[in-house]
Amino acid sequence: MSFKFYAVTPSSEKSTRDCLDPWFMIYVTADGSVKPCCPHSAIGALSHDVSLSDILDGPSIRELRRRLLEGELDAECASCPTRSLTTPEAFRRKLRIHLARARHHPATIQSKQSSKSL
Ligand code: SF4
């Protein structure tokens with residue numbers, strides 16, 4: 001596995017990042033903080049009153065998605081080292097394709113339980 005690091009900042013033409021993370025993955029840290037990806041700061045925190053579903057459908061991640069779609073990146077996405085730049089139009093096309101695929105082939109969540117007790 002190799003990683004590319006992107007030092008290029010957004011331009012008027014390529015004003016967004018080629019990043020599907022806020023639609024397809026999530027990071028939950030040991031303290032319950034919820035992040036859209038590795039480099040971005042938390043967009044919420046799990047608690048007795050706040051579920052993961054609340055955060056995945058909440059205003060913070062919706063705003064992050066909107067910014068990626070519109071090419072109005074927040075400071076962290078603008079300086080993201082892990083995703084290349086692209087145009088909002090190309091990004092929206094790519095996202096539509098991935099969302100359509102996800103609807104036709106929903107992920108199967110498999111729970112692997114050890115036969116050993118901890
Ligand atoms: S910081 Fe980078 S990886 Fe995270 S959501 Fe923004 S563009 Fe995507």
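Which residues does Gly 32 touch, not counting residues up to four places away in sequence? I looked this up and found Ala 45, Leu 46 and Ser 47, where a contact requires the C-beta atoms of two residues, placed from the backbone, to lie within 7 Å.

Before going further I noted that this is a predicted model, in which local features need pLDDT of at least 70 and side-chain atom pairs count only at pLDDT 80 or more, while totals for chains, interfaces and linings use all residues. Residues are numbered from 1 along each chain as its sequence is written.

**Gly 32 and its surroundings.** I placed Gly 32 in the loop between β2 and β3, taking strands (E, at least two residues) and helices (H or I, at least four) as DSSP runs numbered from the N terminus. Gly 32 counts as partly exposed because it has 13 C-beta neighbours inside 10 Å; by this count 20 or more other C-beta atoms within 10 Å make a residue buried, 12 or fewer make it exposed, and values in between make it partly exposed, with C-beta atoms placed from the backbone.

I then followed the strands and found an open sheet of 3 strands in the order β2-β3-β4, with antiparallel pairing, where two strands pair if DSSP finds at least two bridges between them. The edge strands are β2 (27-28) and β4 (44-45), each of which pairs on one side only. Between β2 and β3 (residues 33-35) I noted 2 bridges, and Tyr 27 stands opposite Lys 35 in β3.

**The ligand.** I listed 13 residues around the ligand, of which Arg 17, Cys 19, Cys 37, Cys 77 and Cys 80 come nearest; a residue is near if its C-beta atom, placed from the backbone, lies within 6 Å of the molecule. The elements giving two or more residues to this shell are α1 (21-24) and α4 (75-78).

**Confidence.** Finally I checked pLDDT, the predictor's confidence in each residue from 0 to 100, and found that it stays under 50 over residues 108-118, for which the model has 0 contacts beyond four places in sequence.
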